[in-house]
Amino acid sequence: MFVVPLRCYTSGNKAYFLLRMTIRQQFPFFTQTDTVYLDTAATSQKPQSVIDALSTFYSCQNSNVHRGSYQSANQTTSLYEQTREDVARFINADAPENIIWTSGTTAAINKVCRSLSHAFDKDDVIVVLGSEHHANFVPWQQLAATKQLRFEVVNILANGDVDMTHFRQLMHLKPKLVCMQHCSNALGNIHPIERLVEEAKSSGAMTLVDGAQAVAHLSVDVLDIGCDFYVFSGHKMYAPTGIGVMYVSPNAAPKLLPSEFGGEMISVVTKQKTKFRPFPHFMETGTPNISGVIGLSAALEFIQSDEFQRAQKSEAKLYQYLLDKLSALPNVKLVGNRERNIGVASFYIDNESNADVGALLDQQGIAVRVGHHCAMPLMTALGLAGTIRASLGVYNSEIDVDRFIDALSKTIELLDI
Amino acid sequence: MNIVEYSTQFTLSTDDIKQTLLSSKSWEEKYRSLMLLGKKIAPYPVEWQLQEFQVQGCESNVWLQHEWKENRLFLAIGSDAKIVKGLVALVLSAFNQKTADQIKDFDTQAYFAELSLGGQLSPSRTNGLHAIVTQVMALVANR
């Protein structure tokens, strides 16, 4: 077990520090390694309960869903469908029928893209934010190229926020679809998503929100946001990899067409033609990632636990601690809106290559992400080759931040040759 | 300046490299020495920093140009990262101005392992060393 050093954290913060350390004990990863893990924005570590759920499923419950006429298959199906209800409640969706399983955020966006492609005609406009992850940028750019649509990118301000003036100018083009990230993966900025969606809708657009970075940090209410699609991945919210969610609003559902074909999504197949099952059934075909869904169910329980919720509330304090320490180092330049942020410190060091910084941090057991973070258009707009990104999870504490800062000071010193 | 002129400015041998790196007593010292070795490479000219010379698979920018002269491979490799430059010095000491046979016979794995930098050669690393070595080997194979 990790021994808490006698370094004193101010008394007011002690309670939340201890709470975070208790939560950390639920993550076996940290008993196996001494790594300072500051890459939760890439993927989160998994609590024991999620690992146990997977193990129990494969040891005791394994069977396919929706097909069996026997008891264990029915039990698995009911657990699987129960999770759909839990996810619907988690993001305040209308009903479980509005939740579609995918393998992740990227797959969900691509699926919306294919299922909706028929709705676009030449010269229709698709708008994305300039800070998007490539997953919410490239599919739309490619669709636009194939169907001769107009692909417009909203300008980004120097702090990574949306240039609202430009956003409104683009809304005057009456876009058919506006795709927006809820939070920036590269910088952590929380965008004013309700306002963006509202303005997009009032210009007549459909809206898709990439919530990959948001779900583990913010309480998400899709009805409040009012978007047509809200997509996210399990693995960034303490669930396994390979499971993701696509929320489709009742309003948007009739606009979708089947885009993947196979078993389960059909009602009648003859040699001449196939009749599809109604929405949402035609959106899911083939054996799904059942264990992923079961793992997601455990992760939801973890995230909604009182303990997690209380620890999560202290994230802002820990984030401020990280920012204060970083700002005190020479030549560290922070990027992004640090007032509205999900606990991401994105920065570079004047005149140093990010790759060098990353390599020397790695030598000291610090796990951070270095590079363009799959957001090249954003980096280009900011005039940066990339950044070093330290992102917080519920298991991080001041101990991690202190070790990271010590390692970074040493890195800066070593690079000065 | 042409490639041959540029590349003959680099004169460190693998023995020089070993002597420098193996005397380091800590990882800090070793990385410092590595970066200092990188400084021994003449600055890679800005006008050569073109996309067509860029080595794919590196997190930082790496450019590679070559010329065969009198059966020897003359290399010009540039990078904007200090550690990568150090690793490039290691590559140059092994391959620069060598014949195709000398390059083929050189045990790169063993060399990096001896310097306790074996891990840096892994394709999963983003430093680009693997990509650089692969490209040099391809130059020899396709000659």
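This is a predicted model: local features need pLDDT of at least 70, side-chain atom pairs count only at pLDDT 80 or more; totals for chains, interfaces and linings use all residues.
**Entry: H3 and H10 of chain A**

I began with helix H3 (residues 48–61) and helix H10 (residues 290–303) of chain A, whose axes come within 8 Å and cross at roughly 150°. I noted the crossing of H3(A) past H10(A) as right-handed. Next I listed who makes the contact. From H3(A) I have Ser49(A), Val50(A), Ala53(A), Leu54(A), Phe57(A) and Tyr58(A). The H10(A) side includes Ile294(A), Gly295(A), Ala298(A) and Phe302(A). Sorting the residues of this contact by class gave me nine nonpolar, four polar and one charged.

**Entry: where chain B touches chain A**

I then turned to the contact between the chains, which takes eleven residues from chain A and 14 from chain B. Which elements of chain B give two or more residues to the side that touches chain A? I found helix H3 (27–39) and helix H4 (82–95) of chain B. H3(B) supplies the largest share of that side, with six residues. By class, I wrote down seven nonpolar, two polar and five charged residues for the side of chain B that touches chain A.

**Entry: Phe167(A)**

Last, I looked up Phe167(A), which sits in helix H7 (residues 164–171) of chain A. Is Phe167(A) buried or exposed? I put Phe167(A) down as buried, because it has 20 C-beta neighbours inside 10 Å, and 20 or more is what the term asks for. Setting aside neighbours within four places in sequence, I have Phe167(A) in contact with Val154(A), Val162(A) and Leu196(A). I also checked Glu199(A), 32 residues from Phe167(A) along the chain: their C-alpha atoms are separated by 9.1 Å.

Notes. Residues are numbered from 1 along each chain as its sequence is written. Chains are lettered from A and ligands numbered from 1 in the order in which they are written. Axes are lines fitted to C-alpha atoms, for helices over the stretch in contact, and angles run from 0 to 180 degrees between N-to-C directions. Helices (H or I, at least four residues) and strands (E, at least two) are DSSP runs, numbered from the N terminus. A crossing is left-handed if the near helix is turned anticlockwise from the far one by less than a right angle, and right-handed if clockwise. Two residues are in contact if their C-beta atoms, placed from the backbone, lie within 7 Å. Ala, Val, Leu, Ile, Met, Phe, Trp, Tyr, Cys and Pro count as nonpolar, Asp, Glu, Lys and Arg as charged, and the others, Gly among them, as polar. A residue is buried if 20 or more other C-beta atoms lie within 10 Å of its own, exposed if 12 or fewer, and partly exposed in between; C-beta atoms are placed from the backbone.
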